[in-house]
Amino acid sequence: MEERAPLFLKISVLFAAFYVFCLYDNPMGITYPLFTAGLLGVYLYFLKKEGQSLKKDSVFYMAAILLLGISNFLTDNLMIVWFNKMGSFLLYAVLFVHNSCEDGKWSFLKYAGSLLEFGFHIVENLPAVFRAIGQCKRTNSKEKKSKTAFVLLGVLIGLFLLCFILPLLASADPVFEHLLNQIFDRIFLGITLPDQIILVILMFCWGLLFFSALFSAVRKKEIKEEQKDLRSLEPVVAITALSVIGVVYLIFCVIQISYLFAGGMTLPDDYTYSGFAREGFFQLLFVSALNLVLVLFCLELFRNHKILKCLLTFISGCTYIMIISSACRMYLYIEAYGLTRLRVLVLAALLVIALILGGMIRNIYREGFPLFRFSVAVITVVYVILSLSRMDAWIAEYNISRKGFDITPENTYLLSLSADAADVYLDALEKDMVRTELADEMLSYYFEDLERYEDLGIRKFNLSRYLGAQAAREYGERTF
């Protein structure tokens, strides 16, 4: 860091500016995948400068991050956009930790702890940019080299002062305010004085602090690679507890097999689909997730024992039956009331739990199995497919195929979906499906709202919103 402080500062400043350009007031524009590619490119550049190489399996994490970035540009579903951001953030952390450490034999808890440790290292390296400036100052004073550090320090001070000066000058002279608005409007569509410009400057300062801290934490590689064997607890405790739980699970699973599955999923008397699904689905989902945690902690904390392994396998088998039962209940609910985003997400969660549970069963009999990386891979693959699938479009298509536009005041979910569903609505209208008066009114409001995406500019261009605006124009030109 001492020798490369000027380079470190230049990259941090440039990338902070790039970060502001790409993401200010723009969570889903075409610049979002550009930002993800830029951050990965800077990371590869740092690896090259440090004489390090990228691990082969790190390409998987990089590809997933890029796909999530592209997904933000392709969708108008704000829920998916939020999950994409959180998923990318976690994948960045896994990528940096995995590529910097020999993690082949890490346990699940060790990996999770290392990710938290990496997060703490980023926080403690937030002053890295100031240390780099100080190092450049000392180097320059001794060796009379370039004035890079002083220039950067002056830029930071100047930007900070502009947070106060620009609003005052703009309010004092309307011509100056108009000029500044024109300049910023060309870069950030729709930005006006004074508050937005202050936010841009603050965002740049935060980006400079954060990315310099991130690059510093990645370069220092302070995570301890050795791990302690935590399996010290007496297995008899776990065996006793799991035996008690196992008896209850056995009775429950016998009922599921003999009544719900073999009985052709016939509902009890006086039960509605809604009541049956709601009284069982979420409880079983929670118990399945709890069993996942239970098996994990038994593997990580208790000493090996043959009976314990058998009980963990039995608990895992019962969990599979619960997952199937939960999925069947949700199937009944969807058949009766249609699809929603939440119902799709929980079905995806059941699939993820089932696959991770298979990895845990493998880990029961093979201690070196990379359970954490397997779990990350499973979650990543399932979620990336879901993220790129334009969920709202096929939710709308499924619901319309079953009940058309039978919209009532109690059933307005269909037309609350994002611009992803616009083409589906147009196709359905062309088929002249029967629809209620409320449906016509809501469709009019839906397409009218999409017209605001007509001209988003280059930086905020989003494919789904663009297609939605085109569909709104076609809807306005035609009479259905």
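Q: Where do the coordinates come from, and how are residues numbered?
A: This is a predicted model: local features need pLDDT of at least 70, side-chain atom pairs count only at pLDDT 80 or more, and totals for chains, interfaces and linings use all residues. Residues are numbered from 1 along each chain as its sequence is written, and side-chain values use heavy atoms, with hydrogens and water left out.

Q: OK. How many helices and strands does the chain have?
A: There are 18 helices and 0 strands.

Q: What share of the contacts is between residues 24 or more positions apart?
A: Such pairs account for 77% of the contacts in the chain with a separation of 6 or more.

Q: And what percentage of the residues is buried?
A: The buried share is 46% of the 480 residues. Buried means under 20% relative accessible area, exposed over 50%, partly exposed in between (1.4 Å probe, protein chains only).

Q: Now the packing. Which residues of H13 and H15 meet?
A: From H13, Arg341, Val344 and Leu345. They meet Met391, Asp392, Trp394 and Ile395 of H15. By class, that contact has 5 nonpolar, no polar and 2 charged residues. Ala, Val, Leu, Ile, Met, Phe, Trp, Tyr, Cys and Pro count as nonpolar, Asp, Glu, Lys and Arg as charged, and the others, Gly among them, as polar.

Q: At what angle do the axes of H13 and H15 cross?
A: At roughly 110 degrees, and the axes come within 10 Å. H13 covers residues 341-365 and H15 covers residues 391-403. Axes are lines fitted to C-alpha atoms, for helices over the stretch in contact, and angles run from 0 to 180 degrees between N-to-C directions.

Q: What does that make H13 relative to H15?
A: Roughly perpendicular. Angles under 35 degrees count as roughly parallel, over 145 as roughly antiparallel, 65 to 115 as roughly perpendicular and the rest as oblique.

Q: Is the crossing of H13 and H15 left-handed or right-handed?
A: Right-handed. A crossing is right-handed if the near helix is turned clockwise from the far one by less than a right angle, and left-handed if anticlockwise.

Q: Next pair. How do the axes of H16 and H17 cross?
A: At roughly 140 degrees, with the axes of H16 (residues 422-430) and H17 coming within 12 Å. That angle makes H16 oblique to H17. The crossing is left-handed.

Q: Which residues make that contact?
A: H16 gives Ala422, Tyr425, Leu426 and Leu429, and H17 gives Leu443, Tyr446, Phe447 and Leu450. They divide into 8 nonpolar, no polar and no charged.

Q: On to single residues. Where is lysine 460?
A: In the loop between H17 (437-450) and H18 (463-477).

Q: Buried or exposed?
A: Lysine 460 is buried, because its relative accessible area is 19%.

Q: What does its side chain pair with?
A: The lysine 460 side chain makes a polar contact with the side chain of aspartate 25, at 2.9 Å. A polar contact is a pair of N or O atoms within 3.5 Å; within protein, one must be able to donate a hydrogen and the other to accept it, and residues adjacent in sequence count only if both atoms are side-chain atoms.

Q: What about the backbone of aspartate 25?
A: Aspartate 25 has a positive phi of about 50 degrees, although it is not a glycine. It lies in the loop between H1 (5-23) and H2 (31-49). Most residues other than glycine have a negative phi.

Q: And what is the phi of arginine 390?
A: Near 55 degrees, also a positive value in a residue other than glycine. Arginine 390 sits in the loop between H14 (371-388) and H15. It counts as partly exposed, at 29% relative accessibility.

Q: Back to helices. What does leucine 91 touch?
A: Tyr61, Ala64, Ile65, Leu68, Val376 and Thr380, not counting residues up to four places away in sequence. Leucine 91 is in H4 (residues 78-100). It is buried, at 5% relative accessibility.

Note on methods:
Helices (H or I, at least four residues) and strands (E, at least two) are DSSP runs, numbered from the N terminus. Contact means heavy atoms within 4.5 Å.
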